[in-house]
Amino acid sequence: MLARVDTIALDGIRAIPVEIEVDLGRGLPMLNMVGLPDGAVREAKDRVRAALKNSGVQLPARRITINLAPADLPKEGSAYDLPMAVGLLAAMDLLPAEKLRGRLFLGELALDGRLKPVPGCLPAALLARDLGLEELVVPVGNGVEGALAGGRVVAPETLLELLRHLTGEKPLDPVPRTDWLKALTEEEPRGGTMIRDLADVKGQEHARRALEVAAAGGHNLIMSGPPGSGKTLLARCMPGILPALTLEEALEVTAIHSVAGRLEGRSPLLTRRPFRTPHHTSSNVALIGGGGIPRPGEVSLAHRGVLFLDEIPEFGRSALESLREPLEAGDVGISRAARSTRFPAHFQLVAACNPCPCGHLGNPHRQCRCSPIQVERYASRLSGPLLDRIDLHVGVPPVPPETLTELPNGESSAMVRERVTEARLTQMRRNGPGVLNADLDGVPLHRFAALDATSRDLLLMASRKLGFSARTHNRILKVSRTIADLDRAEAIHSGHLAEAIQFRMGGRFPGSG
Ligand SMILES: Nc1ncnc2c1ncn2[C@@H]1O[C@H](COP(=O)(O)OP(=O)(O)OP(=O)(O)O)[C@@H](O)[C@H]1O
Ligand SMILES: [Mg+2]
(Lines give C-alpha, C1' and ligand atoms only; values in the text may rest on other atoms or scores of the structure.)
(Ligands and ions follow the chains in the order given, each with its own letter.)
Protein backbone atom coordinates (compact mmCIF):
# COMPACT_ATOMS: atom_id res chain seq x y z
CA MET A 1 0.00 0.00 0.00
CA LEU A 2 1.29 3.43 -0.93
CA ALA A 3 -0.09 6.64 0.60
CA ARG A 4 0.69 10.25 -0.25
CA VAL A 5 0.38 13.26 2.09
CA ASP A 6 1.01 16.92 1.34
CA THR A 7 3.04 19.09 3.68
CA ILE A 8 5.64 21.86 3.44
CA ALA A 9 9.28 22.83 3.89
CA LEU A 10 10.32 26.38 4.76
CA ASP A 11 12.62 28.46 2.63
CA GLY A 12 13.06 31.74 4.45
CA ILE A 13 9.50 32.75 5.22
CA ARG A 14 8.07 30.95 2.21
CA ALA A 15 6.48 27.50 2.34
CA ILE A 16 7.40 25.07 -0.42
CA PRO A 17 5.23 22.00 -1.13
CA VAL A 18 6.64 18.70 0.06
CA GLU A 19 5.07 15.30 -0.55
CA ILE A 20 5.46 12.46 1.89
CA GLU A 21 5.06 8.93 0.50
CA VAL A 22 4.53 6.04 2.84
CA ASP A 23 4.99 2.54 1.50
CA LEU A 24 4.31 -0.72 3.32
CA GLY A 25 6.37 -3.45 1.67
CA ARG A 26 7.42 -7.00 2.23
CA GLY A 27 10.62 -7.78 4.06
CA LEU A 28 12.04 -7.50 7.52
CA PRO A 29 10.05 -5.20 9.81
CA MET A 30 11.81 -1.84 9.79
CA LEU A 31 11.16 1.84 9.20
CA ASN A 32 13.31 3.63 6.67
CA MET A 33 13.34 7.34 5.94
CA VAL A 34 14.69 8.80 2.69
CA GLY A 35 14.76 12.23 1.07
CA LEU A 36 17.22 14.42 3.00
CA PRO A 37 15.67 14.38 6.48
CA ASP A 38 17.69 16.05 9.27
CA GLY A 39 18.21 14.69 12.80
CA ALA A 40 14.93 15.99 14.17
CA VAL A 41 13.02 14.47 11.25
CA ARG A 42 14.71 11.08 11.83
CA GLU A 43 13.60 11.20 15.45
CA ALA A 44 10.04 11.49 14.13
CA LYS A 45 10.17 7.71 13.74
CA ASP A 46 10.05 7.16 17.49
CA ARG A 47 7.53 9.92 18.19
CA VAL A 48 5.19 8.71 15.45
CA ARG A 49 5.44 5.08 16.56
CA ALA A 50 4.65 6.01 20.20
CA ALA A 51 1.88 8.48 19.28
CA LEU A 52 0.18 5.86 17.09
CA LYS A 53 0.54 3.17 19.74
CA ASN A 54 -0.96 5.46 22.41
CA SER A 55 -3.81 6.21 20.01
CA GLY A 56 -4.48 2.48 19.79
CA VAL A 57 -2.71 1.79 16.49
CA GLN A 58 0.13 -0.73 16.32
CA LEU A 59 2.52 -0.37 13.39
CA PRO A 60 2.44 -3.52 11.22
CA ALA A 61 5.42 -5.86 11.15
CA ARG A 62 6.29 -4.77 7.60
CA ARG A 63 9.07 -2.97 5.83
CA ILE A 64 7.98 0.70 5.99
CA THR A 65 9.57 3.28 3.72
CA ILE A 66 8.88 6.98 4.13
CA ASN A 67 10.06 9.23 1.32
CA LEU A 68 10.15 13.01 1.51
CA ALA A 69 10.08 14.64 -1.91
CA PRO A 70 11.60 16.63 -3.56
CA ALA A 71 14.74 14.92 -2.35
CA ASP A 72 17.08 17.88 -2.91
CA LEU A 73 15.27 20.10 -0.41
CA PRO A 74 16.48 19.75 3.20
CA LYS A 75 13.67 18.72 5.58
CA GLU A 76 14.03 20.03 9.07
CA GLY A 77 12.27 20.10 12.40
CA SER A 78 9.43 18.15 13.92
CA ALA A 79 6.50 19.34 11.79
CA TYR A 80 6.62 16.17 9.63
CA ASP A 81 5.41 13.98 12.52
CA LEU A 82 1.75 14.58 11.77
CA PRO A 83 1.83 14.08 7.97
CA MET A 84 3.89 10.91 8.47
CA ALA A 85 1.42 9.52 11.00
CA VAL A 86 -1.49 10.33 8.72
CA GLY A 87 0.33 8.70 5.79
CA LEU A 88 0.91 5.56 7.86
CA LEU A 89 -2.77 5.42 8.81
CA ALA A 90 -3.72 5.65 5.14
CA ALA A 91 -1.13 3.06 4.10
CA MET A 92 -2.55 0.73 6.77
CA ASP A 93 -6.05 1.29 5.34
CA LEU A 94 -7.30 2.85 8.56
CA LEU A 95 -8.03 5.98 6.58
CA PRO A 96 -9.37 6.27 2.99
CA ALA A 97 -6.54 7.65 0.82
CA GLU A 98 -8.83 10.16 -0.91
CA LYS A 99 -9.34 11.91 2.46
CA LEU A 100 -5.77 13.12 2.24
CA ARG A 101 -6.23 14.82 -1.12
CA GLY A 102 -6.75 18.60 -1.06
CA ARG A 103 -5.43 18.82 2.49
CA LEU A 104 -2.14 20.10 3.85
CA PHE A 105 -0.85 18.70 7.15
CA LEU A 106 1.79 19.87 9.59
CA GLY A 107 2.41 19.40 13.29
CA GLU A 108 4.54 17.76 15.92
CA LEU A 109 3.33 14.74 17.87
CA ALA A 110 3.72 14.20 21.58
CA LEU A 111 4.21 10.58 22.61
CA ASP A 112 0.64 10.40 23.94
CA GLY A 113 -0.81 11.45 20.56
CA ARG A 114 -1.41 15.12 21.31
CA LEU A 115 -0.53 17.65 18.59
CA LYS A 116 2.09 20.25 19.46
CA PRO A 117 2.47 23.64 17.73
CA VAL A 118 5.23 24.15 15.19
CA PRO A 119 6.81 27.18 13.48
CA GLY A 120 5.74 28.16 9.99
CA CYS A 121 1.95 27.65 10.03
CA LEU A 122 1.16 31.02 8.49
CA PRO A 123 3.46 30.43 5.50
CA ALA A 124 1.82 26.99 5.14
CA ALA A 125 -1.64 28.58 5.27
CA LEU A 126 -0.67 31.12 2.61
CA LEU A 127 0.56 28.27 0.39
CA ALA A 128 -2.63 26.26 0.95
CA ARG A 129 -4.62 29.32 -0.03
CA ASP A 130 -2.54 29.98 -3.15
CA LEU A 131 -2.82 26.32 -4.24
CA GLY A 132 -6.56 26.43 -3.67
CA LEU A 133 -6.45 23.52 -1.20
CA GLU A 134 -9.59 22.59 0.65
CA GLU A 135 -8.30 22.39 4.20
CA LEU A 136 -5.23 23.00 6.32
CA VAL A 137 -4.70 20.68 9.27
CA VAL A 138 -2.54 22.06 12.09
CA PRO A 139 -2.18 21.51 15.87
CA VAL A 140 -4.72 23.27 18.07
CA GLY A 141 -2.03 25.72 19.22
CA ASN A 142 -1.55 26.91 15.64
CA GLY A 143 -5.23 27.17 14.70
CA VAL A 144 -5.70 30.93 14.89
CA GLU A 145 -2.42 31.52 13.09
CA GLY A 146 -3.43 29.10 10.34
CA ALA A 147 -6.76 30.88 9.89
CA LEU A 148 -5.04 34.24 9.23
CA ALA A 149 -4.65 33.49 5.53
CA GLY A 150 -8.43 33.23 5.18
CA GLY A 151 -8.67 29.56 4.17
CA ARG A 152 -10.41 26.66 5.93
CA VAL A 153 -8.40 25.33 8.89
CA VAL A 154 -9.06 22.55 11.36
CA ALA A 155 -6.96 22.34 14.51
CA PRO A 156 -7.38 19.04 16.36
CA GLU A 157 -5.97 18.43 19.82
CA THR A 158 -5.05 14.81 19.25
CA LEU A 159 -4.29 12.37 16.50
CA LEU A 160 -7.42 10.41 17.38
CA GLU A 161 -9.57 13.52 17.04
CA LEU A 162 -8.08 14.10 13.59
CA LEU A 163 -8.68 10.47 12.59
CA ARG A 164 -12.37 10.78 13.53
CA HIS A 165 -12.56 14.05 11.58
CA LEU A 166 -11.03 12.54 8.46
CA THR A 167 -13.17 9.39 8.53
CA GLY A 168 -16.27 11.52 8.99
CA GLU A 169 -17.08 9.86 12.31
CA LYS A 170 -16.90 13.17 14.16
CA PRO A 171 -16.10 16.14 11.91
CA LEU A 172 -14.33 19.13 13.47
CA ASP A 173 -15.58 22.69 13.11
CA PRO A 174 -13.20 24.92 11.19
CA VAL A 175 -11.33 27.57 13.22
CA PRO A 176 -13.46 30.74 13.16
CA ARG A 177 -11.99 33.75 11.37
CA THR A 178 -11.39 37.08 13.04
CA ASP A 179 -11.96 40.40 11.31
CA TRP A 180 -8.29 41.32 11.37
CA LEU A 181 -8.66 44.39 9.22
CA LYS A 182 -10.91 45.84 11.90
CA ALA A 183 -8.50 44.79 14.64
CA LEU A 184 -5.63 46.49 12.78
CA THR A 185 -7.32 49.83 12.33
CA GLU A 186 -8.69 49.89 15.84
CA GLU A 187 -5.47 48.86 17.54
CA GLU A 188 -3.72 51.70 19.37
CA PRO A 189 -0.03 51.41 18.61
CA ARG A 190 0.65 52.03 22.28
CA GLY A 191 0.66 49.82 25.32
CA GLY A 192 3.48 47.66 26.54
CA THR A 193 5.99 48.89 29.06
CA MET A 194 8.55 49.64 26.37
CA ILE A 195 6.47 52.24 24.58
CA ARG A 196 6.35 55.84 25.80
CA ASP A 197 4.34 58.86 24.67
CA LEU A 198 5.77 62.12 23.34
CA ALA A 199 3.37 63.94 25.67
CA ASP A 200 5.75 62.99 28.51
CA VAL A 201 8.86 64.48 26.88
CA LYS A 202 9.99 67.90 28.08
CA GLY A 203 11.83 70.19 25.67
CA GLN A 204 14.03 68.45 23.07
CA GLU A 205 12.13 70.08 20.19
CA HIS A 206 14.94 69.29 17.78
CA ALA A 207 14.98 65.58 18.62
CA ARG A 208 11.17 65.41 18.51
CA ARG A 209 11.24 66.87 15.03
CA ALA A 210 13.90 64.35 13.99
CA LEU A 211 11.72 61.48 15.26
CA GLU A 212 8.79 62.80 13.23
CA VAL A 213 10.86 63.12 10.05
CA ALA A 214 12.36 59.64 10.60
CA ALA A 215 8.91 58.11 11.14
CA ALA A 216 7.40 59.89 8.15
CA GLY A 217 10.00 58.79 5.58
CA GLY A 218 11.24 55.54 7.14
CA HIS A 219 14.67 57.04 7.82
CA ASN A 220 17.33 55.74 10.16
CA LEU A 221 18.18 57.91 13.14
CA ILE A 222 21.02 58.16 15.63
CA MET A 223 20.92 60.29 18.75
CA SER A 224 23.93 61.33 20.75
CA GLY A 225 24.02 63.14 24.06
CA PRO A 226 24.97 63.05 27.74
CA PRO A 227 23.41 60.55 30.17
CA GLY A 228 19.84 61.29 31.23
CA SER A 229 19.01 63.70 28.41
CA GLY A 230 16.15 61.50 27.22
CA LYS A 231 17.56 59.50 24.29
CA THR A 232 16.10 56.19 25.41
CA LEU A 233 12.84 57.90 26.30
CA LEU A 234 12.61 59.50 22.85
CA ALA A 235 13.41 56.25 21.04
CA ARG A 236 10.61 54.50 22.92
CA CYS A 237 8.20 57.10 21.57
CA MET A 238 8.89 55.97 18.00
CA PRO A 239 6.34 53.09 17.79
CA GLY A 240 3.56 55.44 18.92
CA ILE A 241 4.08 57.84 16.03
CA LEU A 242 4.22 55.19 13.31
CA PRO A 243 1.04 54.41 11.36
CA ALA A 244 -0.75 51.07 11.80
CA LEU A 245 0.39 48.09 9.73
CA THR A 246 -1.61 47.28 6.64
CA LEU A 247 -3.12 43.78 6.59
CA GLU A 248 -0.55 42.69 4.02
CA GLU A 249 2.33 44.01 6.16
CA ALA A 250 0.84 42.41 9.25
CA LEU A 251 0.72 39.00 7.53
CA GLU A 252 4.33 39.39 6.41
CA VAL A 253 5.50 40.39 9.91
CA THR A 254 3.51 37.57 11.48
CA ALA A 255 4.99 35.06 9.02
CA ILE A 256 8.51 36.05 10.12
CA HIS A 257 7.66 35.66 13.78
CA SER A 258 5.96 32.36 12.95
CA VAL A 259 9.05 30.95 11.27
CA ALA A 260 11.09 32.18 14.23
CA GLY A 261 8.82 30.06 16.45
CA ARG A 262 7.80 33.13 18.42
CA LEU A 263 4.04 33.00 18.08
CA GLU A 264 3.23 31.23 21.28
CA GLY A 265 -0.18 30.30 22.59
CA ARG A 266 -3.07 31.11 20.32
CA SER A 267 -0.77 32.78 17.78
CA PRO A 268 -2.87 35.69 16.63
CA LEU A 269 -1.92 38.24 14.00
CA LEU A 270 0.76 40.71 15.07
CA THR A 271 -1.02 44.03 14.70
CA ARG A 272 1.67 46.33 16.07
CA ARG A 273 4.77 47.46 14.28
CA PRO A 274 7.63 45.57 15.86
CA PHE A 275 9.88 47.48 18.26
CA ARG A 276 12.91 45.31 18.89
CA THR A 277 15.50 46.26 21.47
CA PRO A 278 18.31 43.69 21.42
CA HIS A 279 20.93 44.05 24.14
CA HIS A 280 24.51 44.84 23.13
CA THR A 281 25.60 41.42 24.37
CA SER A 282 23.37 39.68 21.77
CA SER A 283 25.21 37.24 19.53
CA ASN A 284 25.55 37.83 15.82
CA VAL A 285 23.16 34.95 15.13
CA ALA A 286 20.58 36.48 17.47
CA LEU A 287 20.96 39.79 15.70
CA ILE A 288 21.24 38.76 12.06
CA GLY A 289 19.72 35.29 12.04
CA GLY A 290 21.09 31.83 11.34
CA GLY A 291 21.49 28.57 13.21
CA GLY A 292 21.17 24.89 12.26
CA ILE A 293 17.60 25.41 11.12
CA PRO A 294 17.97 29.00 9.88
CA ARG A 295 15.85 31.31 12.00
CA PRO A 296 15.27 35.03 11.55
CA GLY A 297 17.28 37.33 13.82
CA GLU A 298 16.42 40.67 15.40
CA VAL A 299 16.85 42.52 12.09
CA SER A 300 14.06 40.39 10.61
CA LEU A 301 11.90 40.39 13.72
CA ALA A 302 12.02 44.21 13.39
CA HIS A 303 10.78 44.02 9.77
CA ARG A 304 8.35 46.90 8.99
CA GLY A 305 9.10 48.32 12.43
CA VAL A 306 11.95 49.65 14.52
CA LEU A 307 15.26 48.13 15.53
CA PHE A 308 16.44 50.13 18.53
CA LEU A 309 20.11 49.77 19.39
CA ASP A 310 20.62 51.58 22.68
CA GLU A 311 24.26 52.32 23.59
CA ILE A 312 25.22 51.38 20.04
CA PRO A 313 29.03 51.68 20.50
CA GLU A 314 28.82 48.81 23.02
CA PHE A 315 27.71 46.37 20.31
CA GLY A 316 30.45 44.19 18.86
CA ARG A 317 32.11 45.55 15.80
CA SER A 318 31.25 42.51 13.65
CA ALA A 319 27.61 42.72 14.75
CA LEU A 320 27.45 46.35 13.67
CA GLU A 321 29.20 45.62 10.39
CA SER A 322 26.69 42.87 9.61
CA LEU A 323 23.91 45.46 9.82
CA ARG A 324 25.20 47.09 6.68
CA GLU A 325 23.68 44.54 4.31
CA PRO A 326 20.11 44.64 5.67
CA LEU A 327 20.27 48.42 6.02
CA GLU A 328 21.06 48.70 2.35
CA ALA A 329 19.05 45.81 0.90
CA GLY A 330 16.01 45.52 3.19
CA ASP A 331 16.65 41.80 3.60
CA VAL A 332 19.39 39.56 4.86
CA GLY A 333 21.09 36.46 3.49
CA ILE A 334 21.70 33.48 5.74
CA SER A 335 23.92 30.85 4.22
CA ARG A 336 24.81 27.54 5.61
CA ALA A 337 26.22 24.41 4.05
CA ALA A 338 25.24 24.39 0.39
CA ARG A 339 22.07 26.40 0.77
CA SER A 340 21.30 29.99 1.38
CA THR A 341 18.10 31.63 2.44
CA ARG A 342 16.94 35.22 2.67
CA PHE A 343 14.75 36.76 5.32
CA PRO A 344 13.03 40.14 4.97
CA ALA A 345 14.72 42.79 7.16
CA HIS A 346 13.25 46.12 6.19
CA PHE A 347 13.46 47.99 9.46
CA GLN A 348 14.14 51.49 10.67
CA LEU A 349 17.28 51.74 12.74
CA VAL A 350 17.07 54.00 15.77
CA ALA A 351 20.32 54.20 17.70
CA ALA A 352 21.45 56.04 20.81
CA CYS A 353 24.91 56.71 22.18
CA ASN A 354 26.95 59.02 24.33
CA PRO A 355 29.57 61.23 22.67
CA CYS A 356 32.36 59.63 24.75
CA PRO A 357 32.71 57.01 27.52
CA CYS A 358 31.85 59.47 30.34
CA GLY A 359 29.12 61.02 28.21
CA HIS A 360 29.96 64.68 28.71
CA LEU A 361 32.15 65.54 25.74
CA GLY A 362 30.87 68.82 24.32
CA ASN A 363 28.58 69.45 27.31
CA PRO A 364 28.93 73.14 28.23
CA HIS A 365 28.00 72.47 31.86
CA ARG A 366 30.10 69.45 32.69
CA GLN A 367 33.73 68.59 32.30
CA CYS A 368 34.53 65.54 30.15
CA ARG A 369 36.80 63.18 32.10
CA CYS A 370 37.93 61.05 29.17
CA SER A 371 41.45 61.06 27.77
CA PRO A 372 41.83 61.72 24.04
CA ILE A 373 42.78 58.06 23.55
CA GLN A 374 39.62 56.88 25.33
CA VAL A 375 37.52 59.19 23.16
CA GLU A 376 39.21 57.96 20.02
CA ARG A 377 38.85 54.29 20.95
CA TYR A 378 35.15 54.83 21.70
CA ALA A 379 34.76 56.73 18.44
CA SER A 380 36.35 53.97 16.36
CA ARG A 381 33.60 51.53 17.35
CA LEU A 382 31.15 53.13 14.97
CA SER A 383 32.51 52.86 11.46
CA GLY A 384 32.06 55.50 8.80
CA PRO A 385 30.15 53.13 6.49
CA LEU A 386 27.58 52.44 9.23
CA LEU A 387 27.10 56.12 10.11
CA ASP A 388 26.87 56.84 6.40
CA ARG A 389 23.73 54.67 6.28
CA ILE A 390 22.01 56.65 9.02
CA ASP A 391 20.09 59.58 7.55
CA LEU A 392 19.49 61.65 10.66
CA HIS A 393 22.24 62.49 13.15
CA VAL A 394 20.83 64.32 16.11
CA GLY A 395 22.43 65.84 19.18
CA VAL A 396 20.30 65.51 22.32
CA PRO A 397 21.66 68.11 24.78
CA PRO A 398 20.92 68.08 28.50
CA VAL A 399 17.43 69.37 29.33
CA PRO A 400 17.74 72.88 30.85
CA PRO A 401 16.67 72.97 34.55
CA GLU A 402 13.94 75.53 33.87
CA THR A 403 12.36 73.15 31.31
CA LEU A 404 12.57 70.25 33.74
CA THR A 405 10.62 72.09 36.45
CA GLU A 406 7.80 72.86 34.04
CA LEU A 407 5.06 70.49 32.90
CA PRO A 408 5.69 68.91 29.52
CA ASN A 409 3.87 70.96 26.90
CA GLY A 410 4.61 69.24 23.59
CA GLU A 411 2.22 67.33 21.33
CA SER A 412 1.18 63.78 22.09
CA SER A 413 2.28 60.83 19.95
CA ALA A 414 -1.24 60.53 18.52
CA MET A 415 -1.08 64.08 17.15
CA VAL A 416 2.29 63.51 15.51
CA ARG A 417 1.10 60.15 14.16
CA GLU A 418 -1.60 61.92 12.17
CA ARG A 419 0.94 63.98 10.24
CA VAL A 420 3.22 60.98 9.80
CA THR A 421 0.36 58.89 8.41
CA GLU A 422 -0.62 61.63 5.97
CA ALA A 423 2.97 62.08 4.77
CA ARG A 424 3.25 58.33 4.23
CA LEU A 425 0.05 58.30 2.15
CA THR A 426 1.52 61.08 -0.01
CA GLN A 427 4.63 58.96 -0.53
CA MET A 428 2.66 55.83 -1.51
CA ARG A 429 0.72 57.79 -4.08
CA ARG A 430 3.84 59.28 -5.63
CA ASN A 431 6.56 56.64 -5.06
CA GLY A 432 4.41 53.56 -5.59
CA PRO A 433 2.79 51.12 -3.12
CA GLY A 434 4.95 50.37 -0.09
CA VAL A 435 7.80 52.67 -1.19
CA LEU A 436 8.84 55.22 1.42
CA ASN A 437 11.22 58.07 0.69
CA ALA A 438 14.01 56.20 2.48
CA ASP A 439 13.60 53.40 -0.11
CA LEU A 440 13.93 55.67 -3.14
CA ASP A 441 16.97 55.23 -5.34
CA GLY A 442 18.25 55.85 -8.86
CA VAL A 443 15.99 57.60 -11.34
CA PRO A 444 12.88 57.82 -9.11
CA LEU A 445 14.95 59.50 -6.38
CA HIS A 446 16.24 62.12 -8.78
CA ARG A 447 12.83 62.62 -10.29
CA PHE A 448 10.87 62.90 -7.04
CA ALA A 449 13.57 64.79 -5.15
CA ALA A 450 14.51 67.25 -7.90
CA LEU A 451 16.13 70.46 -6.64
CA ASP A 452 15.76 74.01 -7.94
CA ALA A 453 18.86 76.08 -8.76
CA THR A 454 19.16 77.68 -5.30
CA SER A 455 18.91 74.33 -3.55
CA ARG A 456 21.41 72.73 -5.92
CA ASP A 457 23.93 75.45 -5.08
CA LEU A 458 23.29 75.01 -1.38
CA LEU A 459 23.83 71.24 -1.54
CA LEU A 460 26.95 71.66 -3.65
CA MET A 461 28.39 74.10 -1.15
CA ALA A 462 27.63 71.86 1.82
CA SER A 463 29.01 68.81 0.00
CA ARG A 464 32.30 70.58 -0.75
CA LYS A 465 32.66 71.92 2.74
CA LEU A 466 31.70 68.75 4.61
CA GLY A 467 32.96 66.17 2.15
CA PHE A 468 29.70 64.21 1.78
CA SER A 469 29.91 60.80 0.12
CA ALA A 470 27.62 59.99 -2.79
CA ARG A 471 25.50 57.96 -0.37
CA THR A 472 25.24 60.83 2.10
CA HIS A 473 24.30 63.14 -0.76
CA ASN A 474 21.43 60.82 -1.77
CA ARG A 475 20.30 60.38 1.80
CA ILE A 476 20.06 64.14 2.21
CA LEU A 477 17.84 64.25 -0.88
CA LYS A 478 15.55 61.59 0.57
CA VAL A 479 15.26 63.40 3.90
CA SER A 480 14.54 66.68 2.07
CA ARG A 481 11.75 64.91 0.20
CA THR A 482 10.24 63.76 3.50
CA ILE A 483 10.48 67.22 5.04
CA ALA A 484 8.73 68.64 1.97
CA ASP A 485 6.04 65.94 2.24
CA LEU A 486 5.41 66.82 5.89
CA ASP A 487 5.10 70.41 4.67
CA ARG A 488 2.61 69.23 1.98
CA ALA A 489 4.87 70.80 -0.64
CA GLU A 490 4.94 69.46 -4.18
CA ALA A 491 8.55 70.63 -4.77
CA ILE A 492 11.52 70.65 -2.41
CA HIS A 493 12.65 74.17 -1.58
CA SER A 494 15.86 75.37 0.00
CA GLY A 495 14.35 75.50 3.50
CA HIS A 496 13.56 71.77 3.34
CA LEU A 497 17.04 71.00 2.08
CA ALA A 498 18.71 73.16 4.72
CA GLU A 499 16.90 71.28 7.47
CA ALA A 500 17.92 67.94 5.94
CA ILE A 501 21.56 69.05 5.79
CA GLN A 502 21.64 70.13 9.41
CA PHE A 503 20.16 66.76 10.42
CA ARG A 504 23.34 65.33 8.94
CA MET A 505 25.59 67.53 11.03
CA GLY A 506 23.89 67.53 14.40
CA GLY A 507 25.49 66.27 17.56
CA ARG A 508 28.84 64.82 18.21
CA PHE A 509 29.19 61.24 17.17
CA PRO A 510 31.73 58.70 18.02
CA GLY A 511 33.16 57.88 14.63
CA SER A 512 31.99 61.01 12.82
CA GLY A 513 35.37 62.67 13.30
N1 LIG B 1 13.41 65.41 27.97
C2 LIG B 1 12.89 64.74 28.98
N3 LIG B 1 11.63 64.94 29.38
C4 LIG B 1 11.10 64.27 30.40
N5 LIG B 1 11.78 63.36 31.13
C6 LIG B 1 13.05 63.11 30.80
C7 LIG B 1 13.67 63.78 29.72
N8 LIG B 1 14.93 63.33 29.62
C9 LIG B 1 15.09 62.43 30.58
N10 LIG B 1 13.97 62.29 31.30
C11 LIG B 1 13.77 61.38 32.45
O12 LIG B 1 15.02 60.81 32.77
C13 LIG B 1 14.97 59.39 32.59
C14 LIG B 1 16.25 58.93 31.93
O15 LIG B 1 16.25 59.35 30.59
P16 LIG B 1 16.81 58.43 29.44
O17 LIG B 1 16.98 57.05 29.94
O18 LIG B 1 15.98 58.60 28.24
O19 LIG B 1 18.24 59.09 29.24
P20 LIG B 1 19.34 58.71 28.18
O21 LIG B 1 19.61 59.93 27.39
O22 LIG B 1 18.96 57.49 27.47
O23 LIG B 1 20.60 58.46 29.12
P24 LIG B 1 21.82 57.42 28.96
O25 LIG B 1 22.81 58.08 28.04
O26 LIG B 1 22.38 57.30 30.34
O27 LIG B 1 21.28 56.17 28.44
C28 LIG B 1 13.74 59.14 31.74
O29 LIG B 1 13.13 57.91 32.04
C30 LIG B 1 12.82 60.27 32.12
O31 LIG B 1 12.11 59.92 33.28
MG1 LIG C 1 19.68 55.58 27.47
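Visitor: Where is Thr-167?
Guide: Thr-167 belongs to helix 5, residues 159-167. Helices are DSSP runs of H or I with at least four residues, strands are runs of E with at least two, and both are numbered from the N terminus. This is a predicted model, in which local features need pLDDT of at least 70, side-chain atom pairs count only at pLDDT 80 or more, and totals for chains, interfaces and linings use all residues. Residues are numbered from 1 along each chain as its sequence is written, while chains are lettered from A and ligands numbered from 1 in the order in which they are written.

Visitor: Why does Thr-167 count as partly exposed?
Guide: Because Thr-167 has 14 C-beta neighbours inside 10 Å. Buried means 20 or more other C-beta atoms within 10 Å of a residue's own, exposed means 12 or fewer, and partly exposed is in between, with C-beta atoms placed from the backbone.

Visitor: What is Ala-128 in contact with, beyond its neighbours within four places in sequence?
Guide: Leu-104, Leu-133, Leu-136 and Gly-151. A contact is two C-beta atoms, placed from the backbone, within 7 Å. Ala-15 is 113 residues away along the chain from Ala-128, with 9.3 Å between the C-alpha atoms.

Visitor: Changing topic. Which residues come nearest to ligand 1?
Guide: Pro-227, Gly-230, Lys-231, Thr-232 and Leu-233, out of 16 residues around ligand 1. A residue is near a molecule or strand if its C-beta atom, placed from the backbone, lies within 6 Å of it.

Visitor: Which element gives the largest share of that shell?
Guide: Helix 8, residues 231-235, with 3 residues.

Visitor: How does the shell divide into nonpolar, polar and charged?
Guide: There are 5 nonpolar, 9 polar and 2 charged residues in the shell around ligand 1. Ala, Val, Leu, Ile, Met, Phe, Trp, Tyr, Cys and Pro count as nonpolar, Asp, Glu, Lys and Arg as charged, and the others, including Gly, as polar.

Visitor: What is the strand order in the open sheet?
Guide: The order is 11-14-17-10-18, 5 strands with parallel pairing. Strand 11 (275-276) and strand 18 are at the edges with a single partner strand each, so each has one side without a neighbour in the sheet. Strands pair if DSSP finds at least two bridges between them. Strand 10 (residues 221-224) and strand 17 (residues 348-353) pair over 4 bridges, and Ser-224 is opposite Cys-353 of strand 17.

Visitor: How do strand 1 and strand 2 pair?
Guide: They pair in the antiparallel sense over 10 bridges, strand 2 being residues 14-25. Val-5 faces Ile-20 of strand 2. The two strands make a hairpin with 2 residues between them, and Gly-12 in the turn has a positive phi of about 65°.

Visitor: Which residues of helix 22 are buried?
Guide: His-496, Leu-497, Ala-500, Ile-501, Phe-503 and Arg-504. They are on the same side of helix 22, because they cover an arc of only 155° around the axis. The arc is that of the directions from the helix axis to the C-beta atoms. What covers the buried residues includes helix 7 (205-217), strand 18 (392-395), helix 20 (453-466) and helix 21 (470-486).

Visitor: Where is the peptide bond cis?
Guide: From Ala-69 to Pro-70, with omega near 0°. Pro-70 is in the loop between strand 4 (63-69) and helix 2 (81-91).
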